[in-house]
Structure formats: C-alpha cells, structure tokens
Amino acid sequence: MQPIVLADLMNIIEYEKVRKNYRADIVAFKKHRRISLGPNITVTFENRKTMMFQIQEMMRAERMVHEHQIEEEIAVYNLLLPMKDCLSATLFIEVTEETQIRSVLNRFIGLTKRESVYFKVGGATIPAKFEAGREEEDKISSIHYVQFQFNAEAVTVFQDQDQPVELVIDYKDYNYKYPLGDAERQSLLADLLTN
C-alpha cells in the first residue's frame, strides 16, 4: 500500500473546516471494517484512508503545525499500513466497567504469544502477527496492532464468494468467530488487491 506523505494531509486549519464531513465519511467507511469477537475483543481493519484520518486527528489534538512533528507521526502510522497480500488491523481489548479493567485485561495475558486470533479462509488459517512490546509477563495493553499475511492461494479463496471466510479468536475460554458478510469481505479484499 502506498505510504502516506506530508502532501496527503491537510493543515489543521483546513482540516477543521471539513472535519465533520470527513469524520462522517470515515465512520461510514469503518462500518464494514470493524468486527466484534465476543464482548471484549474488537478488530478494526486499517488502511491508508483510516491511517490518514488518525494522523489528521492526532495533528488536531496535539495542535501539530511543524513539518518535522507531522513527519514523525506519518512514519509511525506508515508502519501500520498493510503490505502486499496483507491485512492490517487494530485489536482492542474492550472493558466497559472501570472496576473490571485489570481483571479483564489479565484474562488476555498471553494472547500475543499464540496463534489465537486468525482468519479461516476455506481450509487454511492465517494467524495474526502481533506488534511486539505490548505485552509483558504480568500485563497486557488494551490496544494491539496486528497483521494477517496471506499467500496467493488464500487471496484467491478470499475472492471466491462461495468459500467461507471467518475471523476467529480461540484463546483459553474466550472463543468466538465472525463469518464475514459480503460488504466486509469486499472492503477488506480492496486492501488485499491494492498492493
């Protein structure tokens, strides 16, 4: 996927003028890219469009106007873009009750060390590769960046509407699967075929 460059972004004044419509467009776009796996895991698939929005929001929140600051932000987010035959996502461990944050997060310690989150594409499984550094022996972050690396055969199966595609989590006693519908599949397929 084409990296994001400074020229792709609006300055914070121009962004403020269009932010309401820009955000509405992103919310509609993400509708078919956000998948809930049970009550505590949500996976949002990222691409150039979603990452540009994240950078624009970061520029706005941090009042970034200097090019070197923005370039640093771009460099970080470019690392999260999907590469060839790859899907990229943000995995959230969600906790709605503040008093349960520690106990829910502790339940997922070890998640990044196993192939517990994966796509099932036809008869093949494509495991999530977690970004390092977001889990320690006794604690885990609530936000994780993951990549799913497909081979050519899995991409072909993903394109075949007659073949099932599911996103699965199978971790200890937390087991959920989500069969992708046509809209989700088409949105993600656009990422796989863009590279």
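Author: Phe-130 is buried, because its relative accessibility is 14% (buried means under 20% relative accessible area, exposed over 50%, partly exposed in between, with a 1.4 Å probe and protein chains only). This is a predicted model, in which local features need pLDDT of at least 70 and side-chain atom pairs count only at pLDDT 80 or more, while totals for chains, interfaces and linings use all residues. Residues are numbered from 1 along each chain as its sequence is written, and side-chain values use heavy atoms, with hydrogens and water left out.

Reader: Where is Phe-130 found?
Author: In strand 5, residues 124-130. Strands (E, at least two residues) and helices (H or I, at least four) are DSSP runs, numbered from the N terminus.

Reader: And what is Phe-130 in contact with?
Author: Leaving aside neighbours within four places in sequence, Phe-130 is in contact with Leu-91, Leu-111, Thr-112, Val-117, His-144, Tyr-145 and Val-146. Contact means heavy atoms within 4.5 Å.

Reader: How far apart are the C-alpha atoms of Phe-130 and Leu-167?
Author: They are separated by 15 Å, and the two residues are 37 residues apart along the chain.

Reader: OK, Thr-90 next. Buried or exposed?
Author: Thr-90 has a relative accessible area of 4%, so Thr-90 is buried. Its place is strand 3, residues 86-93.

Reader: What does Thr-90 touch?
Author: Not counting residues up to four places away in sequence, Thr-90 touches Thr-42, Val-43, Thr-44, Glu-46, Ile-143, His-144 and Tyr-145. With Glu-46 there is also a polar contact of 2.7 Å between the side chains. A polar contact is a pair of N or O atoms within 3.5 Å; within protein, one must be able to donate a hydrogen and the other to accept it, and residues adjacent in sequence count only if both atoms are side-chain atoms.

Reader: Now the helices. How is a packed pair described?
Author: Two packed helices are described by the angle between their axes and the distance between the axes. Axes are lines fitted to C-alpha atoms, for helices over the stretch in contact, and angles run from 0 to 180 degrees between N-to-C directions.

Reader: Start with helix 1 and helix 2. At what angle do they cross?
Author: Roughly 140 degrees, and the axes of helix 1 (residues 12-30) and helix 2 (residues 48-62) come within 10 Å. That angle makes helix 1 oblique to helix 2 (angles under 35 degrees count as roughly parallel, over 145 as roughly antiparallel, 65 to 115 as roughly perpendicular and the rest as oblique). The crossing is left-handed. A crossing is left-handed if the near helix is turned anticlockwise from the far one by less than a right angle, and right-handed if clockwise.

Reader: What about helix 2 and helix 3?
Author: They pack at an angle of about 145 degrees with axes 10 Å apart, and their crossing is right-handed. Met-51, Gln-54, Ile-55, Met-58 and Met-59 of helix 2 make the contact with Ile-70, Glu-73, Ile-74 and Tyr-77 of helix 3. That contact has seven nonpolar, one polar and one charged residues.

Reader: Glu-73 is in that list. Why does it count as buried?
Author: Because its relative accessibility is 17%. Glu-73 is in helix 3, residues 67-78, and touches Met-58 and Met-64, not counting residues up to four places away in sequence.

Reader: And the loop between helix 2 and helix 3?
Author: Arg-63 lies there. Arg-63 is not a glycine, yet has a positive phi of about 55 degrees. In the loop between helix 3 and strand 3 is Asp-85, with a phi near 55 degrees, also a positive value in a residue other than glycine.

Reader: Last pair: helix 5 and helix 6. Which residues meet?
Author: Val-155, Val-157, Phe-158 and Gln-159 in helix 5 meet Arg-185, Leu-188, Leu-189, Leu-192 and Leu-193 in helix 6. The crossing is left-handed.

Technical notes:
Ala, Val, Leu, Ile, Met, Phe, Trp, Tyr, Cys and Pro count as nonpolar, Asp, Glu, Lys and Arg as charged, and the others, Gly among them, as polar.
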